Amino acid sequence: MSQLMRRILTALLSITLVLALLVGYLNYIFIPQAAQKALPQTSGDLQLPGLTAPVQVIRDEMGIPHIYASSLHDLFMAQGYVHAQERFWQMDFWRHIGSGRLSEMFGKSQLSTDSFLRSLGWRQLAEQEYTLLSDQSRSTLDAYAEGVNAYIHSRPAAELGLEYVILTGLLNRSYEVEDWTPVHTLTWAKAMAWDLRGNMGAEIERAILLQTLTPAQVDELFPPYPADHPRIVPEMEMVASRPESSNLASSNLSSSPSAALQQVRSNLALLNDTLGKAGAGIGSNSWVVDGSRSVTGKPLLANDPHLGIQMPSIWYQIDLQCQPVSAECPLQVGGFSFAGVP
């Protein structure tokens, strides 16, 4: 074997060894240590500036947190802290979606998505909505935000979640985690409404197909609701009319409706990877029975929510208990919440 070949083999073996050591360090030392630091504290005492009295958080054998507090402020502040402990990456990602700011996290590849998200105006609507809320609703959102921010301020960004080790350490060193605000909660509500957009995609497809097919042909592809199926809402006479003052012929949409609809469809596709595709199973069923028809005399309400599957789950199970129960602190509730929402 020539001396040159020996040098090449030696260099290759050295590079392979270094890579193996690096992978081993990342897999068995660095990542486990980073993951350990990002885990929530589930025992002992924590000091949260802003609490007005002691709060107790007990996690049962399934890991579900049960929060006991003597005031609504402390109850929702603790909920915000607990949500952030376990789901802050999810919350941070969601609020960037709602504000059209994904490129701040992931770079120029998300600029087109951000442009479309901003055109929807979710952030502006949330800001307006906050000013219209009742004092109680605003105080609830404010207390929740206090709890989230108490968690953010309690540790370095890389320890807020394992994802931040990758984001701030490798992908985007300039990324800075900002404080949580009530507007972030309200903005995500708009994104959830988008997730429940139902047949928007089908309506766009119908409009595009009507450029080349007859209404009868389109109805074969998109059959109407069966006439023999039950209808909860009474029949309403639909009257189609065009305002006399409208000038559709001069609009950009009517000059090239197919091109405009294709653009809308492309914009919708930008969000499929981010928010998930809307499906026929997205939505909810609900019913209510008056108390006069129940054994207890109390009304019965049932709801079956159908939302897209996500990882981590869109749901967060939690229990909120006022202790003692009073007119100022009346809550005794347990169930499923959204991370980012009190």
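This note walks through a predicted model, from the whole chain down to single residues.

1. **Ground rules.** In this predicted model, local features need pLDDT of at least 70 and side-chain atom pairs count only at pLDDT 80 or more, while totals for chains, interfaces and linings use all residues. Residues are numbered from 1 along each chain as its sequence is written, and side-chain values use heavy atoms, with hydrogens and water left out.

2. **The chain as a whole.** The chain has 13 helices and six strands. These are DSSP runs, numbered from the N terminus: helices are H or I with at least four residues, strands E with at least two. Of its 342 residues, 31% count as buried. Buried means under 20% relative accessible area, exposed over 50%, and partly exposed in between (1.4 Å probe, protein chains only).

3. **Surface and contacts.** Among contacts with a separation of 6 or more, 63% join residues 24 or more positions apart. Contact here means heavy atoms within 4.5 Å.

4. **Aromatic pairs.** Rings of Phe, Tyr and Trp (its six-membered ring) pair if their centres lie within 6.5 Å; planes under 30 degrees apart count as stacked, over 60 as edge-to-face and the rest as tilted. By this rule there are eight aromatic pairs. Phe88 and Tyr164 make a stacked one, with 6.0 Å centre to centre and 25° between the planes. This pair links distant parts of the chain: Phe88 sits in helix H2 (residues 72-99) and Tyr164 in helix H7 (residues 162-171), 76 residues apart. Phe88 is buried at 1% relative accessible area, and Tyr164 is buried at 0%.

5. **The cluster, and Phe106.** One aromatic cluster holds Phe88, Trp89, Phe93, Phe106 and Tyr164. Phe106 lies in helix H3 (residues 103-106). Its relative accessible area is 34%, so Phe106 is partly exposed. Setting aside neighbours within four places in sequence, Phe106 is in contact with Trp89, Phe93 and Leu167.

6. **Helix H8.** This helix covers residues 182-195. At 1.5 Å a residue, its 14 residues should span 20 Å, and the end C-alpha atoms are 21 Å apart, which agrees. The expected span is 1.5 Å times one less than the number of residues. Twelve of the 14 residues are buried, so H8 is largely enclosed by the rest of the structure. Among the buried residues are Trp188, Lys190, Trp194 and Asp195.

7. A salt bridge is a side-chain nitrogen of Lys or Arg within 4 Å of a carboxyl oxygen of Asp or Glu. The structure holds eight. Asp92 bridges to Arg95, with the closest N and O atoms 2.8 Å apart. Both lie in helix H2, three residues apart, about one turn of the helix. Glu127 bridges to Arg123, with the closest N and O atoms 3.0 Å apart. These two are four residues apart in helix H5 (residues 122-132), so about one helical turn separates them. Glu127 is partly exposed at 37% relative accessible area, and Arg123 is partly exposed at 25%.

8. **A salt bridge between helices.** Asp219 bridges to Arg206, with the closest N and O atoms 3.5 Å apart. The pair links distant parts of the chain: Asp219 in helix H10 (residues 215-221) and Arg206 in helix H9 (residues 200-209), 13 residues apart. Asp219 is partly exposed, with a relative accessible area of 34%. Arg206 counts as partly exposed at 22%. Elsewhere, salt bridges that share partners join Arg101, Glu104 and Glu178 into one network.

9. **Two further residues.** Ser174 lies in the loop between H7 and H8 and is exposed, with a relative accessible area of 61%. Asn149 lies in helix H6 (residues 135-152) and counts as buried at 12% relative accessibility.
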